[in-house]
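Please keep the sequence and the structure at hand while reading.

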Amino acid sequence: MPTLPLFDPTAHPDGWHNVLSPGGYEWWYFDAEDLATDTQIVAILMHGFIFHPGYLRAYRRFMRRPTRHSPPTAGDFPCVYACVYRDGKIWKQFFTQYRREDSSAAEDRADVTIGPNRLWVDEFGSYQLEMEGSPWHLTARGPITEADQRMRVRLSFSPSHRHEPVERRFLSREMTGADHHWTIASASCAVSAQIAIHREHSGPDSFTLAGPGYHDHNFGTAPIGAGLHRWIWGRAMFGERVLTFHHAEPKSSARAAETHLVEVAGNRARDIAVERVESDWSLASRPAMMLRYPRVLNFGDELRLTNPRVIDPSPFYLRLQFDALSRGESSRAFCEIAYPHRLRWPILGRMIEMSFDKRPTRR
């Protein structure tokens with residue numbers, strides 16, 4: 001019996017894979033940091049936000065009664081996100097959800113448009129991003145969108161070394177019940193950024209950022225959280241050498257944790273076998289409903305993370321930095337930890353959705 005393809009396997013590794021499976025997703029991730037000013041930025045363009053409570057609810061409804069509900073797909077939930085950190089805390093952030101018809105992408109290259117937001121590669125091979133949205137902040141009554149402000153971000157990521165995209169699978173089908181793909185598109189970039197807040201009755205508040213940056217790209221055929229207890233991923237740059245990793249711990253104690261550690265040095269990449277990750281998850285972030293995070297994370301002899309600093313506490317994920325040590329070299333690691341099961345908590349899910357700017361979806 002013929003079946004529909006779940007995604008386009010012939011697409012460029014950093015292009016759009018047209019994921020059609022219910023609950024599927026695809027995102028283009030960028031981060032950068034200015035060490036001199038202690039400033040960081042994360043920017044993501046998404047077809048199907050994997051942690052969108054509404055998307056996850058629609059997927060569960062479909063899976064329970066597939067004949068009564070339409071299958072939700074990545075194209076139904078195009079979203080953009082940007083967050084700027086200064087001095088160890090959030091400066092400004094926005095998250096905007098758009099209509100299906102407001103998004104488009106190319107299969108043969110990195111070229112994505114979602115509303116007024118765009119990612120493309122210029123004639124010199126650098127990634128260019130233009131993004132904008134209304135920032136939000138958390139109050140005692142929940143997240144509040146600052147409708148009188150507009151945050152605009154212009155980013156240029158110039159690869160320090162040209163390398164073929166490193167394509168890997170992560171989070172096994174045995175653990176999650178789906179296929180998940182990870183492409184390290186450009187592990188080390190020189191980044192320049194212009195960031196501005198425009199207000200209705202005053203001039204813009206703007207500044208620039210310059211420093212190293214990282215870009216990867218993920219897609220998969222179903223939500224990422226099934227079978228997971230927690231998931232940490234990140235990267236650390238040691239000059240021209242970059243170590244990037246995923247480490248997932250399962251819900252079931254009968255199943256082993258899964259770890260991927262990849263080294264990209266210049267134009268070469270290699271997988272590093274890690275027999276066991278030693279960790280101490282004794283720390284908890286009080287502003288984030290006691291989410292646990294590691295005091296130490298040790299990937300054998302290749303990478304050791306210590307001295308964590310939480311810069312973004314939320315009820316289901318943490319973004320944080322570590323001191324990183326690898327083969328006698330020291331650096332900083334930029335990481336994120338997610339607890340996907342918390343998104344099933346009804347009140348928490350609704351609160352998270354309150355931070356999404358859905359005004360473009362209104363007709």
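Are Y55 and F77 buried or exposed? Both residues are buried. The model that shows this is a predicted one.

**Aromatic pairs**

Searching the whole structure gives 18 aromatic pairs. One of them is formed by Y55 and F77: the ring centres are 4.6 Å apart and the planes meet at 25 degrees, so this pair is stacked. Y55 belongs to helix α1 (residues 53–64), while F77 sits in the loop between α1 and β3 (78–86), so the pair ties together parts that are 22 residues apart in sequence.

Another pair is made by Y81 and F95. Their ring centres lie 6.3 Å apart with the planes at 55 degrees, so the pair counts as tilted. Y81 is in strand β3 and F95 is in strand β4 (residues 89–97), so parts that are 14 residues apart in sequence are tied together here. Y81 is buried because its relative accessibility is 8%, and buried means under 20%. F95 is buried as well, with a relative accessible area of 5%.

The two pairs can be set side by side.

| Pair | Distance between ring centres | Angle between planes | Class |
|---|---|---|---|
| Y55 and F77 | 4.6 Å | 25 degrees | stacked |
| Y81 and F95 | 6.3 Å | 55 degrees | tilted |

Y81 and F95 also belong to a cluster linked by ring pairs, together with F49, F51, F316, Y317 and F356.

The charged end of R86 sits over the ring of F207, 3.9 Å from its centre. R86 also lies over the face of W91, at 5.9 Å from the ring centre.

**The surroundings of W28**

W28 is part of strand β1 (residues 25–34). Its relative accessible area is 1%, so W28 is buried. Leaving aside residues up to four places away in sequence, W28 touches several residues, among them W16, I44, V112, L119 and H215. Two polar links involve its side chain. The side chain of W28 reaches the backbone oxygen of D14 at 3.0 Å, and it makes a polar contact with the side chain of H217 at 3.5 Å. S206, by comparison, is 178 residues from W28 in sequence and 25 Å from it in space, C-alpha to C-alpha.

**Cysteines**

How many disulfides does a search of the whole structure find? The search finds 0 disulfides. C79 is in none, and the nearest cysteine sulfur, that of C83, is 16 Å away. A disulfide is a covalent bond between the sulfur atoms of two cysteines. The sulfur of C83 has its closest cysteine sulfur in C79, and the 16 Å between them is too far for a bond. C79 counts as buried, at 0% relative accessibility, and C83 is buried with a relative accessible area of 0%.

**Paired strands**

Strand β22 (residues 296–299) runs antiparallel to strand β23 (residues 303–313), and 4 bridges join them. Here F299 stands opposite L303 in β23. The hairpin of these strands has 3 residues between them, and G300 takes a positive phi near 55 degrees.

β23 also pairs with strand β24 (residues 317–326), again in the antiparallel sense, over 7 bridges. Which residue in β24 is the bridge partner of R309? The partner is Q321. β23 and β24 form a hairpin with 3 residues between them.

Notes:
Residues numbered from 1 in each chain as written. Predicted model: local features only at pLDDT ≥ 70, side-chain atom pairs only at ≥ 80, totals over all residues. Heavy atoms only, no water. Helix = DSSP H or I, 4+ residues; strand = E, 2+ residues; numbered from the N terminus. Buried < 20%, exposed > 50% of the residue type's maximum accessible area, 1.4 Å probe, protein only. Contact = heavy atoms within 4.5 Å. Polar contact = N/O pair within 3.5 Å; in protein donor to acceptor, adjacent residues only side chain to side chain. Phe/Tyr/Trp six-rings, centres within 6.5 Å; stacked < 30°, edge-to-face > 60°. Lys NZ or Arg CZ within 6 Å of the ring centre and 35° of its normal. Disulfide = S-S within 2.5 Å. Pairing = 2+ DSSP bridges.
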